[in-house]
Amino acid sequence: MRVLLVEDEQSAAKMLAKGLREESYAVDIAGDGETALYQAHLNDYDLIILDVMLPGQDGFEVCRELRANGVAVPILMLTARDAVEDRVEGLNTGADDYLVKPFDFEELLARVRALLRRVPALLPEVITVADLAINTRAQQVSRAGKRVELTTKEYALLEYLARHANEVVSRADIAEHVWDERYDPFSKVIEVFIQRLRRKLDDDRPVKLIRTRRGAGYILSTGDMDDDV
Ligand code: CA
């Protein structure tokens, strides 16, 4: 899940981004509205967290413009005051939810998860693919009932593949939704993480779930597909 965080206060932005990355989200930061609009045009985000107090265009204006540009992604607004007018204005401009500063990080996480769950096909609580079970709330993975320990990035990659089970997922798709803007397209980082997942999930098992489609990408499949692993 890739998140655009729009916040001009650098220390606050860094802290939030760090927390979200630890929860396996890929996070890009925009420091003002103009950058946010550009980034949202460039990338296919799964969620936008938008602070109201920004230099230049404020969060309300940015939100209105995003919606006017046809950006349908869930938007969580961060407001400084719990003023009724702010809440109403936020929702009127097309935001999906708002959170009043200061807030607990856990509260933010809960709102983020709730927003991502609103698209029901997007985030079921437990995704199963063959004997693989992924609990998206606890971020726990098991295969044939046995726990598999994954790092946050390995988890994020697996969850993305599982959401698109039995579909070919290209490296570009993975880079866009699992990595953030610091991803180097010339690196082999995706291949490395696929290998790690295979080691943890597929080694020593007769049925391999992670397949490679040469020149196209990867498939997390339930088993009976032609493939060229
Ligand atoms: Ca701000």
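Two aromatic pairs are found in this structure, which is a predicted model. In one of them, the ring centres of Trp 179 and Tyr 183 lie 6.2 Å apart with their planes at 50 degrees, so this pair counts as tilted. Trp 179 and Phe 193 form an edge-to-face pair, with 5.5 Å from centre to centre and 75 degrees between the planes. Together, Trp 179, Tyr 183 and Phe 193 make up one aromatic cluster.

**Setting of the aromatic cluster**

- Because Trp 179 lies in the loop between α7 (171–178) and α8 (189–201) while Phe 193 belongs to helix α8, their pair ties together parts that are 14 residues apart in sequence.
- Trp 179 and Tyr 183 are both buried, and Phe 193 is buried as well.

**Charged side chains over the rings**

- Over the face of Trp 179 lies Lys 153, at 5.0 Å from the ring centre.
- The ring of Phe 193 has the charged end of Arg 196 sitting over it, 4.5 Å from the centre of that ring.

**The sheet**

- Five strands form an open sheet in the order β2-β1-β3-β4-β5, and their pairing is parallel.
- The edges are taken by β2 (26–30) and β5 (97–100), each of which pairs on one side only, and neighbouring strands of this sheet are turned against each other by 20 degrees on average, direction ignored.
- Strands β1 (residues 2–6) and β3 (residues 47–51) run parallel and are joined by four bridges, with Leu 4 standing opposite Ile 48 in β3.

Notes
Residues are numbered from 1 along each chain as its sequence is written. This is a predicted model: local features need pLDDT of at least 70, side-chain atom pairs count only at pLDDT 80 or more; totals for chains, interfaces and linings use all residues. Side-chain values use heavy atoms; hydrogens and water are left out. Two strands pair if DSSP finds at least two bridges between them. Helices (H or I, at least four residues) and strands (E, at least two) are DSSP runs, numbered from the N terminus. Axes are lines fitted to C-alpha atoms, for helices over the stretch in contact, and angles run from 0 to 180 degrees between N-to-C directions. Rings of Phe, Tyr and Trp (its six-membered ring) pair if their centres lie within 6.5 Å; planes under 30 degrees apart count as stacked, over 60 as edge-to-face and the rest as tilted. Buried means under 20% relative accessible area, exposed over 50%, partly exposed in between (1.4 Å probe, protein chains only). A charge sits over a ring if NZ of Lys or CZ of Arg is within 6 Å of the ring centre and within 35 degrees of the ring normal.
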